[in-house]
Amino acid sequence: SMAEGPDTGLRLAELLALGRRLWEELEAGVEPSSAAQEKVRQGLDALQQAAAMVAQLELFSENEELEEIASADLKYLLLPALLGSLTLKQVNLSRRLEHLESARTHFTHFLRLCNSYGLGSFQLPPANPPGEERAGGLAPGGPADAQASLLAMASNRQAKIERYKQKKELENRLASMRTFVESGQADEEQIREFYIIQIQKWINTSLEEIESIDQEIVILRSRGSMKQPPAPPRGTPWQVRTPLKPFVLFRNTAQAKVFGAGYPSLPTMTVDDWYNQCRRQGVMSGQSTPQRAPGSISDEELQKQQQEKKEEEDDEEARQKAQNWDDWKDTHPRGYGNRQNMG
């Protein structure tokens, strides 16, 4: 199905080979970070060029059969998976969410292609990362949901174990075939099998990567929403208020006159004066005006309120003591600690 001259074919093969080699060197991970990031950039560049050529040549289509793909072309199916893997190797934290979403798109594209060619039996992951498709939906809850999620976790764990075993088996088969294929001794059928096994291994890798990408996206989004400053309260913006000057507060004018002389450095003010000043400065603007003027509460009422408050506090203390004693009895059997009379 390759519809191009030998020159393009060679160029395309070279780009894929370069991208793969850089990916393998990065997987071995021996170079310092700056050199590694340069390799990531070069690898992405080569693979993106190759992917653009593959798209232009229309090498793959979601409505053709696997048998219709030439054996030599099968390796190009791996391009989106390699692009996804290299995209994740970028370390710019400020663009992490963007890289995760881009890598997810590459892996999903790869899995869709494999699915349409009947390569590997697996369930396609959801099209969008978590949180997007549920926007505006009802929040899950209730025992039925909990039961369903427990079952999902158990089957997911089983699927992971199976996937891990399968991946190890595929890697062993690839290792034993690799030198044979790369030395040029393999026939077309063996070359075809070698590429299909590689694709199946990458299916497992892509499913794993999408799972961890989705978990990281959830964490990054929740962190992002926590970082946003809280919205200012609705209504009028906070007014800049002049702080009140210190003063001595008395219940009425008579008291103010009598005691005023005792505090030469501080002005005296009645409650009414103070209240009016506050209202003028807008301090009280958010509060409703009290039903009766301050100062009209009698001494008896004040005493009664204080007595009631004290009784409530005493009741609460007694209740707390009783609660603590009950808790202690729950955890200590009768006779606990009484060991003197043991014969």
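The following exercises, with worked solutions, concern a predicted model of a protein.

**Exercise 1. Confidence**

Determine where in the protein confidence is lowest and where it is highest.

*Solution.* Begin with the overall level: the pLDDT averages 80 across the protein, and 75% of the residues reach at least 70. Next, consider the individual elements. Strand β1 (residues 248–250) has the lowest confidence, with a mean of 62, whereas helix α3 (residues 79–88) has the highest, at 97. Then examine two stretches in which the pLDDT is below 50. Residues 133–139 form one of them, with one contact in the model beyond near neighbours in sequence. Residues 235–240 form another, with two such contacts. Finally, draw the consequence for reading the model: where pLDDT is low, the predicted coordinates should not be read in detail.

**Exercise 2. Helix α8**

Identify the buried residues of helix α8 and state how they are arranged about its axis.

*Solution.* First, list the residues: within α8 (residues 271–281), Val-271, Tyr-275, Gln-277 and Cys-278 are buried. Second, look down the helix axis. The buried residues of α8 lie within an arc of 165 degrees, and therefore line one face of the helix.

**Exercise 3. A surface patch**

Which residues make the nonpolar surface patch of about 370 Å²?

*Solution.* The patch is made by Trp-325, Trp-328 and Tyr-336. To place one of these residues, note that Trp-328 belongs to helix α9 (residues 299–331).

Terms used. Residues are numbered from 1 along each chain as its sequence is written. This is a predicted model: local features need pLDDT of at least 70, side-chain atom pairs count only at pLDDT 80 or more; totals for chains, interfaces and linings use all residues. Side-chain values use heavy atoms; hydrogens and water are left out. Patches are made of residues with over 30% relative accessible area and no salt bridge: like charges are joined within 9 Å, nonpolar side chains (Val, Leu, Ile, Met, Phe, Trp, Tyr) within 5 Å. Accessible areas come from the Shrake-Rupley method with a 1.4 Å probe; for residues, only the protein chains shown count as cover. A salt bridge is a side-chain nitrogen of Lys or Arg within 4 Å of a carboxyl oxygen of Asp or Glu. Helices (H or I, at least four residues) and strands (E, at least two) are DSSP runs, numbered from the N terminus. pLDDT is the predictor's confidence in each residue, from 0 to 100. Contact means heavy atoms within 4.5 Å. Buried means under 20% relative accessible area, exposed over 50%, partly exposed in between (1.4 Å probe, protein chains only). The arc is that of the directions from the helix axis to the C-beta atoms.
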